Amino acid sequence: MLKTFPKGGVHPPENKMASGAAIEVLPLPKTVTIPIAQHIGAPSTPAVKRGDLVKVGQILAQSSGFVSANIHSSVSGKVTKVDDVVDSSGYKRKSVIIDVDGDEWMESIDRSTDLIRNISMTSSQIVQRVMECGIVGMGGATFPSHVKLSIPKGKTADVLILNGVECEPYLTSDHRVMLERAEEMLIGVQILMKALEVKKALIGIENNKPDAIEKLTKLTADKPGIEVYALKVQYPQGGEKQLIKALINREVPSGGLPIDVGTVVHNVGTALAVYEAVQKNKPLLERVVTVTGRSVSKPANYLVRLGTPVSQLIEASGGLPEDTGKVINGGPMMGKALNNLDVAVTKGTSGIVMIPQDLSQRREIKNCIRCARCTVVCPMGLEPYLLMTLSEKAMWENVETNDVMDCIECGSCSYTCPSDRPLLDYIRLGKGTVSKLIRSRKQ
Amino acid sequence: MNTLVLTIISLSALGILLATILYFVAQKFKVFEDPRIDEVDEVLPGANCGGCGYPGCRGFAEACVKADDLGTLFCPVGGNDCMGDVAKVLGKEAVEKDPEIAVLQCSGTSSCRPRTNNYDGAPSCTIASSLYGGDTGCQFGCLSLGECVDVCNFDALHMDPETGLPVVDEEKCTGCNACVEQCPRDLFELRPKGKKSRRIYVACKNSEKGAAKKIGCEVACIGCQKCVKECKFEAITVTNFNAYIDADKCKLCRKCAPVCPTAAIHELNFPPRKVKPATDAEKPAPKAPPAEKAPVAAEKVETGKPTEKQAVTEKKAEAPKAEAVEKEEKKTE
């Protein structure tokens, strides 16, 4: 029996069209737009100004706190502007715009492709390097990785979990990383294990990627402590809390973090980025992005420099299909529709999914028929119909006592609702308001 | 028969006994409530809108009774009359306040602010605003989903399907602040109602640079400072490329509105301007007559069919003001 999480979950059509497409290196763009806030936490402070010449890997914006990350230049060229530009959030945010000129890298970065297996750094040096290189969670949430690696006092981790689940339909970037960059990624896992001082690492992969499971099982045979597990194909298997429950049967307490149950979860893409940062001194300046969709002529996975406009990725995949209704940044379950195709690829862009018109439009909102399907599929055991109604009526205290803060925003409730009610929209509203209330109470 | 009498007697005895107990318990645990709270509650409008900042009219009545003076307490719905009554009941003095009215600080109608994408998410401004910058090129403007209309307790707000903007009904608006608090983009402001309900304000909250605003919306305030130079009373300030008219300093001289290159300054309920021949005709005329914004006022003017008499009185009304303005000018000089 395959491992899985016990409560709720849905199984949307997988549509992993790009799973067979090897990672292609996308040609350098003419200009890049690099937002200075690409992560959860405080936005970084710009360290360059208009007219500056930058090299690949040079710091563009300095991290401005513990929960923040450095932003590096992904190209070499001239800074033409530091201005407010619409980013994937649809709002204008400060960004650095660079005109690309050649491809000159910083000398400190090792660009060779040789594998460096020997980990010479100590635990604290690794955390320091991860912080300097601006590594954030590559699964899409973009939480600064060095924060996860710095274990707070009084807590210990005994197992590291690697998230190779990729439960979002359509997306295949992690799958390709596990297949094509497996050895580098596994060294990254060993580095993470050393940083956290744990002896055991578990890699969880959904069972719809048998080739990746096979390859990693073979490669980890001689690596003590690293185990690969096949997991049932069930959304949201890749949710941190769900994955922990499925793999080691521990439950993260309400309001708690994985470290409270002695574990830390990292994405496989993050492990690769950590390998490159620690062994090659390469900051996070490119990532694998899946470009796919039902009518896309060439679904593909591209290795993209951060800051490349999304339109260039779409162009490389044969242009925007005529029947496109929405272009989604991320997966179709948790991603967000873009309102502008000139926005840049950022650290958290795992995929660009073009959804046809007939699938993308929301249907008319009907009355709740009390079928309780949302409650059945909620992986956190919440009552989405109730939370939505309470949010609609602005009864924030009741929203809070019904554990809205435990919602992981996976969207299973909205996906399954036969009345097409915007459950998650209102729950997010409730979550936002309640977190503001909690913050104001603390002050 | 005997049983019946016995039942009646025993039940009556029980009733009397319990009533006595209840009487003494009620005496023992009696909560004293100031009878004046009820009296004040009587004279309040009973809208329970929360515009005074207290939970409902009862809460406000309690606060009035407790307070030493009514200086900071004001019921925007009842206005000065209501506060006068409250003062009479309590024997305190009420502070007179100018009535306030909500104005929408956005003039981006659907014709001057083209849509760049379609929003089909949950029909709530707050949700749309938390998701993205909106379905037009302006990330500060009205989202046209009408949450303000929903929260208005007085039926004073309506969506205009043509412009996509909410319209304030001046007759009904009480200045209760509900829309001001609800709007996720802070587009409503309470402004003094002014003499004859005349008001001038900047209908734009966009704080981007002028050129960037102009791309998203034709009628955005571009922060050109022309109105600032025109204003003799220093009532206009520009912060973040956005002008703001201080209602306390504004003398309603109407000099700022015509110089605005984007017609972002709105005038409400003023008599129509005299059309000056020749010299002015060459200048680009400001777009969209501001009277459009206040349909109630506009209706009055239109349906009233201004006779010559009215026109004269209007001129008269304007004349002394012009003089007053000139006097003010001299003073400031």
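This is a predicted model: local features need pLDDT of at least 70, side-chain atom pairs count only at pLDDT 80 or more; totals for chains, interfaces and linings use all residues.
Helix α3 of chain B spans residues 56-66. Its buried residues are Cys57(B), Phe60(B), Ala61(B), Cys64(B) and Val65(B). Viewed down the axis of α3(B), these buried residues fall within an arc of 135°, so they line one face of the helix. An α-helix has 3.6 residues a turn, so residues three or four places apart point the same way. The buried residues of α3(B) are covered by elements that include α2 (35-43) and α4 (79-90) of chain B.

The pairing of α2(B) with α3(B) was examined in more detail. Two packed helices are described by the angle between their axes and the distance between the axes. For α2(B) and α3(B), the angle is about 125° and the axes are 8 Å apart. The crossing of α2(B) past α3(B) is right-handed. On the α2(B) side, the contact is made by Arg36(B), Ile37(B), Val40(B) and Asp41(B). On the α3(B) side, Cys57(B), Arg58(B), Ala61(B), Glu62(B), Cys64(B) and Val65(B) take part. By class, this contact of α2(B) with α3(B) has 6 nonpolar and 4 charged residues, and no polar ones. Cys57(B), Ala61(B), Cys64(B) and Val65(B) of α3(B) are in this contact, and these four residues are also among the buried residues of the helix.

Two loop residues of chain B were also examined. Asn48(B) sits in the loop between α2 and α3 of chain B. Its phi is near 50°, a positive value in a residue other than glycine. Most residues other than glycine have a negative phi, and most peptide bonds are trans. Asn48(B) has 16 other C-beta atoms within 10 Å, and is therefore partly exposed. Ala263(B) lies in another part of the chain, in the loop between α10 (256-259) and β8 (265-268). Ala263(B) counts as buried because it has 20 C-beta neighbours inside 10 Å. In sequence, Ala263(B) and Val219(B) are 44 residues apart. In space, their C-alpha atoms are 6.0 Å apart.

Chain B also touches chain A. Here, 12 residues of chain B are in contact with 13 residues of chain A. The chain B side of this contact divides into 3 nonpolar, 7 polar and 2 charged residues.

In chain A, helix α7 (residues 268-280) packs against helix α4 (residues 182-196). The angle is about 80°, with the axes 7 Å apart. α4(A) and α7(A) are therefore roughly perpendicular to each other. From α4(A), the contact involves Glu184(A), Met185(A), Ile187(A), Gly188(A), Val189(A), Ile191(A) and Leu192(A). From α7(A), it involves Val268(A), Ala271(A), Leu272(A), Val274(A), Tyr275(A), Val278(A) and Gln279(A). The residues of the contact of α4(A) with α7(A) comprise 11 nonpolar, 2 polar and 1 charged.

Helix α3 of chain A (residues 173-180) also meets α7(A). Their axes come within 9 Å and cross at roughly 50°. α3(A) and α7(A) are therefore oblique to each other. Their crossing is left-handed. Ser173(A), Asp174(A), Val177(A) and Met178(A) of α3(A) meet Val268(A), Gly269(A) and Leu272(A) of α7(A). By class, the contact of α3(A) with α7(A) has 4 nonpolar, 2 polar and 1 charged residues. Val268(A) and Leu272(A) meet α3(A), and both also belong to the contact with α4(A).

Two backbone features of chain A complete the account. The peptide bond from Tyr235(A) to Pro236(A) is cis, with omega near -5°. Pro236(A) lies in the loop between β11 (226-231) and α6 (240-248) of chain A. Ala372(A) has a positive phi of about 65°, although it is not a glycine. This residue, Ala372(A), is in the loop between α9 (357-360) and α10 (373-377) of chain A. Ala372(A) counts as exposed because it has 12 C-beta neighbours inside 10 Å.

Notes:
Residues are numbered from 1 along each chain as its sequence is written. Chains are lettered from A and ligands numbered from 1 in the order in which they are written. The arc is that of the directions from the helix axis to the C-beta atoms. Two residues are in contact if their C-beta atoms, placed from the backbone, lie within 7 Å. Axes are lines fitted to C-alpha atoms, for helices over the stretch in contact, and angles run from 0 to 180 degrees between N-to-C directions. A crossing is left-handed if the near helix is turned anticlockwise from the far one by less than a right angle, and right-handed if clockwise. Ala, Val, Leu, Ile, Met, Phe, Trp, Tyr, Cys and Pro count as nonpolar, Asp, Glu, Lys and Arg as charged, and the others, Gly among them, as polar. Angles under 35 degrees count as roughly parallel, over 145 as roughly antiparallel, 65 to 115 as roughly perpendicular and the rest as oblique.
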